Amino acid sequence: MLNQSLTGPLISTNIGQPAPAPVVNQFAEITGHAGLIATEFSYKKDEEIYGEDEPAEYVYQVISGAVRSYKLLSDGRRQIGAFHLPGDAFGLESGTVHRLAAEAIIDTTVRLVKRRSLEHSATVDVNVARKLWTMTANDLRHAEDHMLLLGRKTAMERVATFLLEMDRRLAVAGMMALPMCRRDIGDYLGLTLETVSRALSQLHSQGILGFSGARQIVLRNRQRLCSMDA
């Protein structure tokens, strides 16, 4: 569901927490080079951005807030495939429909550009095509890493991997403010809420991390956490 719009050129914007530079640069370079116009929309917490099997008509970039992409299983369980943070692009599909649904985790603003416009630019400009391929390859790498995490790692290794990822993507002055709740983390890692809470408590008791509020975490011993990330 689309709420509020503001049309303007897409530029590289990094509001809130820092995001990986390659993702930000690639999306901004593609749209800027092709002269595409992006539209901004705002979503409330837990509001759907697009649903599973809906037409994939747009490609998105998070400006502020955070987004989860997920699939609901037939028995009602939810598997989160990725968390999209400020600067991240998402919604780029190989087919004509979205394989996963996407929701705002907190109040979120995204920019979007028509997929048809991107595809047209890629057919006439090899640089746009190359950058789109790089974005797709980054998504594939994340999917492969996530598959390894779900298939082979222990519960503690999964939590350690998640914390290191968020530390890399979110940490400011040594502190990371997680936009997602522990249930979200569990659905991303394939763990129960209780298992996630128990792992975080254990890491806290070992002096590896500290809490400053429900979702404010500081890593006090990154080396030990890295040793747990098999």
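**E93 and its surroundings**

I started with the side chains of E93 and H98, which are joined by a polar contact of 3.2 Å. I count a polar contact as a pair of N or O atoms within 3.5 Å; within protein, one must be able to donate a hydrogen and the other to accept it, and residues adjacent in sequence count only if both atoms are side-chain atoms. Worth noting before going on: this is a predicted model, where local features need pLDDT of at least 70 and side-chain atom pairs count only at pLDDT 80 or more, while totals for chains, interfaces and linings use all residues. Residues are numbered from 1 along each chain as its sequence is written, and side-chain values use heavy atoms, with hydrogens and water left out.

Where does E93 sit? I found E93 in the loop between strand 7 (89–90) and strand 8 (101–104). Helices (H or I, at least four residues) and strands (E, at least two) are DSSP runs, numbered from the N terminus.

My cut-offs: buried is under 20% relative accessible area, exposed is over 50%, partly exposed is in between (1.4 Å probe, protein chains only).

Leaving out residues up to four places away in sequence, I get A56, H98, R99 and R115 as the residues E93 touches; contact means heavy atoms within 4.5 Å.

**Helix 2**

R115 took me on to helix 2 (residues 115–124), where the buried residues are R115, L118 and S121. They lie on the same side of helix 2, because they cover an arc of only 125 degrees around the axis. That arc is taken from the directions from the helix axis to the C-beta atoms. I see R116, H120, T123 and V124 exposed on the other side of helix 2.

**Strands 5 and 6**

I looked up strand 6 (residues 78–84) and found 5 of its 7 residues buried. Strand 5 (residues 67–72) pairs with strand 6 in the antiparallel sense over 6 bridges; two strands pair if DSSP finds at least two bridges between them. S69 faces A82 in strand 6. The hairpin of strand 5 and strand 6 has 5 residues between the strands, and there G76 takes a positive phi near 95 degrees.

Last stop: an open sheet of 3 strands in the order 10-12-11, with antiparallel pairing. Strand 10 (175–177) and strand 11 (209–211) are the edge strands, each pairing on one side only. I count 3 bridges between strand 11 and strand 12 (residues 216–219). F211 stands opposite I217 in strand 12.
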